[in-house]
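The stops below follow charged pairs.

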Amino acid sequence: MTVGDVTPLEQPVDGPFSTRQLLRLDEALRVADQVTGLNFSIYLGPLEDPSRESAGKLHAQTRNPKSAVLIAVSPNQRKLEIITGTDARKRISDRDAKLAGLSMAASFGGGDLAGGLMIGIDQLASHAGRG
């Protein structure tokens, strides 16, 4: 499941999110894009090993990868990768991404996948600042 380049109403609702959660995630991504000028996306699904390289390949397929921020989550594998393009990396440090990842992982561990993603989007966008 990829969220960000398609509206939630086009997404199947048989996944881990309710329609309401999809709408909230889509709005969070849209606001993050508008405020920062970067392109935020979420990938939810399996990642090949090594997961960082697999997420990097997905990131390369996003719109304008230089300014893209991809949050890749594989709940069944318990993997989380945050990939930033070269322009995005100038505004979101590795430390900032790790802090956002820790916050997301804490929410995921409590069973709140959508909430964790919302927290991560918000933190990453806050660190990136206005574009």
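Select R30 first: at 37% relative accessibility it counts as partly exposed, a class between buried (under 20% relative accessible area) and exposed (over 50%), computed with a 1.4 Å probe on protein chains only. The model is predicted, so local features need pLDDT of at least 70 and side-chain atom pairs count only at pLDDT 80 or more, while totals for chains, interfaces and linings use all residues. Residues are numbered from 1 along each chain as its sequence is written, and side-chain values use heavy atoms, with hydrogens and water left out.

R30 and D26 form a salt bridge with the closest N and O atoms 2.9 Å apart; the term means a side-chain nitrogen of Lys or Arg within 4 Å of a carboxyl oxygen of Asp or Glu. Both residues lie in helix α1 (residues 19-36), four residues apart, about one turn of the helix. Helices (H or I, at least four residues) and strands (E, at least two) are DSSP runs numbered from the N terminus. D26 is buried, at 7% relative accessibility.

Next, pick E27. Its closest N–O distance to R30 is 3.0 Å, in another salt bridge. E27 and R30 are three residues apart in helix α1, and E27 is partly exposed at 38%.

Now move to E81 and R52, a salt bridge with the closest N and O atoms 3.2 Å apart. E81 sits in strand β4 (residues 79-84) and R52 in helix α2 (residues 51-60), so the pair ties together parts 29 residues apart in sequence. E81 is buried at 12%, whereas R52 is partly exposed at 44%.

Finally, select D26, E27 and R30 together: salt bridges with shared partners join them into one network. The structure holds four salt bridges.
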